[in-house]
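Here is a short briefing on charged side-chain contacts. Please look over the structure first.

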Amino acid sequence: MSKQLIVLITGANRGIGLAMTRTFLERGDRVAATCRQPAKAAELHQMKETYKDDLMILRVDVDLTRSVNAAAEDMAERYPRLDVLVNNAGIAPGRSHDGLEVLELAQVRDAFETNAVGCLRTTRAFLPLLRKSKQPRVVNVSSGLGSLSKKPGDTHYYAYAGSKAALNMFTRIMAAEYKTQGISIVAVTPGWVRTDMGGADAELDPVVVAGELVNTIDSITMEQTSLWLDRHGKVTEYAW
Ligand SMILES: NC(=O)c1ccc[n+]([C@@H]2O[C@H](COP(=O)([O-])OP(=O)(O)OC[C@H]3O[C@@H](n4cnc5c(N)ncnc54)[C@H](OP(=O)(O)O)[C@@H]3O)[C@@H](O)[C@H]2O)c1
């Protein structure tokens, strides 16, 4: 049997999602790289010239059920199964120090929609294809800021931190629900990475982090389901 994985990544047009797409393709895996605006995903189209049939560029807005379901149908027509779903798309609206009285509640709703509900919507749509894999894995890209036990005292991040905490709980609920079906569902935290979201001062290079995350994904079995892993595949210090 081919060891080539079939992987789907949300938010694959830039940042960590783009770097992971490149890493999987360089190893010979097949990637459905999804993004909101494929026409503007210049780097993905450039990769397509090299990787041709191994790369499928699909439109997915994780906020929109119709968009996610249409992508799942497209994918099912082209691929026999899905081995790895990476729920990577994320937003971080608002400022870290915005307090309750200045907070824009619409930003909190937006963050929950994309970072937490988006993961449920996407995972649900791709379950039929995941079930066709011998070793299906769902990888939810979380953040240390979503930790309840290690919440930094001096920041608020209501929208982002709240939505990532919700994502962590959804990870554990889904992991429990799908354990008997052999689908391993984990949260991973990439560290502070130099992307549009992480900013130029972040300590980690997205290409290096992508390599580490891909190695971690390789090592995920049912033993890890419901765990929160760091980018090296170790259980995080956050303890949820
Ligand atoms: N960078 C860090 O330091 C860091 C740390 C911890 C966790 N993370 C997490 O890592 C993941 C990737 O972050 P990043 O640093 O690569 O951020 P990024 O460079 O800002 O990229 C975010 C990606 O998510 C996509 N996205 C946003 N809303 C979407 C939606 N509704 N539907 C589909 N795609 C959507 C963006 O697409 P558009 O181009 O269309 O906006 C973009 O591709 C996120 O979940 C983030 O929370 C990052």
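Arg27, Asp29 and Asp218 are linked in a network of salt bridges. The model is predicted. In total, 7 salt bridges are counted. The points below take up the network, then a further pair.

- Arg27 pairs with Asp29 in a salt bridge, with 2.7 Å between the closest N and O atoms.
- Arg27 also forms a salt bridge with Asp218, at 2.5 Å from N to O.

**Exposure within the network**

- Asp29 has a relative accessible area of 3%. The cut-off for buried is under 20%, so Asp29 counts as buried.
- Arg27 is partly exposed, at 38% relative accessibility.
- Asp218 is partly exposed too, with a relative accessible area of 35%.

**The Arg14 and Asp196 pair**

- Arg14 and Asp196 form a salt bridge, and their closest N and O atoms are 2.8 Å apart.
- Arg14 lies in the loop between strand 1 (6-9) and helix 1 (15-27), while Asp196 lies in the loop between strand 6 (184-189) and helix 6 (206-219). The pair therefore ties together parts that are 182 residues apart in sequence.
- Asp196 has 62% relative accessibility. Exposed means over 50%, so Asp196 counts as exposed.
- Arg14 is partly exposed, with 46% relative accessibility.

Methods:
Residues are numbered from 1 along each chain as its sequence is written. This is a predicted model: local features need pLDDT of at least 70, side-chain atom pairs count only at pLDDT 80 or more; totals for chains, interfaces and linings use all residues. Side-chain values use heavy atoms; hydrogens and water are left out. A salt bridge is a side-chain nitrogen of Lys or Arg within 4 Å of a carboxyl oxygen of Asp or Glu. Helices (H or I, at least four residues) and strands (E, at least two) are DSSP runs, numbered from the N terminus. Buried means under 20% relative accessible area, exposed over 50%, partly exposed in between (1.4 Å probe, protein chains only).
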